[in-house]
Amino acid sequence: MKKIKEKEIKGIYGIALLLFLIFLFVPVIVLFQQSLAGESGLSLAHYSEMLTQRGFGLAVRHSLEVSIVSAVVATLLAFLLAYTVHYTNAPGKYKKFIRLAAQLPMLLPTITYGFAIIYSFGKQGLLTRLFGRQLFDIYGFNGLVIGYVIYTLPVSFMLLSNTMEYIDKKFTVVSRIMGDSPLKTFQQTIIRPLLGTFATSFVQCFFLCFTDYGIPESVGGEYEVVATVLYNEMLGSIPNFNNGAVVAVIMLIPSIVSILLLKFLERYNIRYTKISAIGLKKNKTRDILCSVGSAVILICVFAVFAVIFIMPFIQEWPYQAVFTLDHFRDVFNDNTLTAVYKNSLFVAFMTAIFGTLLAYGCALASARSSLRGSAKQVVESTALITNTIPGMVIGIAYMLVFSGTSLQNTFLLIIICNMIHYFSTPYLMIKNALLKLNTSWEATAKLLGDSWGKTLIRIITPNMSSTLLEVFGYYFVNAMVTVSAVIFIAGARTMVITTKIKELQYFMKFNEIFVLSTLILLTNLCIKGVLVLLSDRKKSEFKVKKEKKIMKMKSVTAMFMACLMAGSVMLGGCSGSDAASGSSEDQIIIYSNADEEAVDAMKKTLDDNGYEGEYVFQTFGTSELGGKLIAEGKNLEADMVTMSSFYLDSAQEQNSMFKDLTFDYTTLSENDSSDFYAPITKQEGAIIVNTELLKENNLDTPTCIKDLADPQYKDMISVTDIKSSSTAWLLIQALVSEYGEEEAQNILSDIYANAGDNIEDSGSAPLKKVRAGEVAVGFGLRHQAVADKEEGLPIDYVDPTEGNFSLTESVAVLDKDNGDKADKAMEMAQCIIEKGREELQKTYPLAVYEGETDSDNKSAYPKVFPEKLTVDLLEKHQEISEAAK
């Protein structure tokens, strides 16, 4: 029997190891290769460059500090919640509420966390308005700790609560009978059995904080962390995969310490021959204190996320605080939403099913087998590695490895990515639960003649059902909310709902983001509710109660399915042209970083000229699309791309991926012309102001960029960092052109000092902060401020006297051997250029081609930098920016 058992375990172990080899270790090896790649072979040059880079050491220290503090706080708060559930006589319904409420943050996309903090605790935030003053500075260490604690609290709670399920409470009775003090009883019967789980919780929380980028991007301010360094290197205005790979490798180093720590604490795991049903001792003081403490924790969490449910019903916070359903209508009228929502459900269910099987199999091999310790350690180390690699790194690594293969842009790759990325917590949950079960069960079953498989199905799995259901829910929820890796590996026809949120963030539609977040939350709540009922059914002791719960479960399940069907009808019933035609292989796929106005204009042009239903339009942020261009080259899913011209130049230089255009055009400037792309828009920079805040703070309206260096604007302006956003290039072009490099650096230094925590990584962030009332002045894209002013917001724009410099967006066609599709893509590109410019100029007024004139809403001081905008020039201007910091 032992041979059978070992054979089955080895089979499970082998399948899991093969999966990790292909989809984890190979991408990690690719990262190592990238970090060591030199001009003539292996080199440590990139390591030397990063380790000596200004501010990198400080960013690593910041990451360690804030991650350690957040992990400790989250673990302590989670312990109080779990203790209230398992070791107090609080009402049963309250305990169920805690179980669900403690997991609320993980039911929402992390991309919304920063927005929620700003709209709650910012200068014009909901809670700030309620209290009459800002409670604390939300940027830097404070904001990061709040965001990280909320982010990691569910994971810590699940780990601790799950382990407490398998602690035999009879030992608390024995300890009291032996005369131990309450403190000693607490230490010996609760804390000691939890030591391993405490360590696991800390490590999990630490790495979730250490590798997260979304929260620092929103509220990090000047408190730079290593995740932002990674983003800037991988997906900054000049992507550098080699340096980014170095940062990713360095981020793996703490996992070595974690492996040693967990291995040391493994000795503290305690097995129980059985779990006794022991009633808890009555203690009103304990029950009241724990119940109140748990309530305070949950209220604080709810307070942060309250804005998600309030803001979508407000026209424009805080300036037009009137009730509206327009934001819901805008979202539900988007005819692509039904398709991406269904995609998300499919991906989430498949991830949950196969992810649970993977984690269960690995945990069985680790905790319930006689495999050698070295073999088990491979699984342990793999779990920690999956937890330490940031999602964006996995996504980019997958682009590099699977580009050009049959897995590229498929649901299968997304599902496997989710299974690997979120493997650590489910594996540890199941493993910790298995370690608490009686090891004699297999031996007893063997004596009775049962095979290991029957023992697994009849005895072990039923006793693990609650944990398995939790793991299923964990995988499902994370698959619904993830975005960091998916954005790089999803194709135009495999996009999910969080990628839609990322798109709306790029378009600065934050109310619509909250609407979609609410939709995701409701879906996840339905799933969690069904899983809770299934778990309760398992725990029922009497047949009558069991039958009632089964009926209740069926009713809820029916309601859940009805809600999904009704949701599909509400969201449009059937998909629109972009989504519904997703099955057509003849459609032209267009990737674009363009703004919503430009995308709408291009779609209108194509539709009006006979191409309706013959294309799929997918938008990305500039950084994400830039990364895909560099990494995938000709293997890019798209047939046509619209992108910043200097990015296209760089991609063509590295990958030779675009066809020469087959149509002629003549631009007003030679710098805008190319053999393989044609300009579609020129996007100008301008100073953006919040007129109400200027009045409230008695600030002068700036007239030029140099004015932003005036001390009166201290902590009242927001600008972008040129290392992470090309929008900042417009500001630096103006300064260098007007004042020369040396003086431009001095002015920029004063501007950065005034901006403080409001130096942003995203080009849309300054306008976002001006809108939200966080700052009075920002620098961003002119047409966005024009649109806000036309909508009646207290937003205005100032054309700086140094000049409204511009970046050109162009269209290019991929050089693919796909015959008629390539010809059609070229025809569409020609159509956009020759017939779409009139529509585009309504938003982007500058003339580009001979025969055009600037439209009426043109800027006051349009200027063009005397040199052609290239990556080399961008690097030169980045050096000026870095020297000014």
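Which helix does Val-26 lie in? Select residues 2-36: this is helix H1, and Val-26 lies in it. Helices here are DSSP runs of H or I with at least four residues, strands are runs of E with at least two, and both are numbered from the N terminus.

This is a predicted model, in which local features need pLDDT of at least 70, side-chain atom pairs count only at pLDDT 80 or more, and totals for chains, interfaces and linings use all residues. Residues are numbered from 1 along each chain as its sequence is written, and side-chain values use heavy atoms, with hydrogens and water left out.

Stay on Val-26. Its relative accessible area is 30%, so Val-26 is partly exposed (buried is under 20%, exposed over 50%, partly exposed in between; 1.4 Å probe, protein chains only).

Now show the whole protein. Of its 885 residues, 61% count as buried. The protein has 36 helices and 13 strands.

Next, color by pLDDT, the predictor's confidence in each residue, from 0 to 100. The average is 84, and 88% of the residues score at least 70. Select residues 541-547: pLDDT is below 50 there, and the stretch has three contacts in the model beyond near neighbours in sequence (contact: heavy atoms within 4.5 Å). Then select residues 549-583. Here too pLDDT is below 50, but this stretch has 55 contacts beyond near neighbours in sequence.
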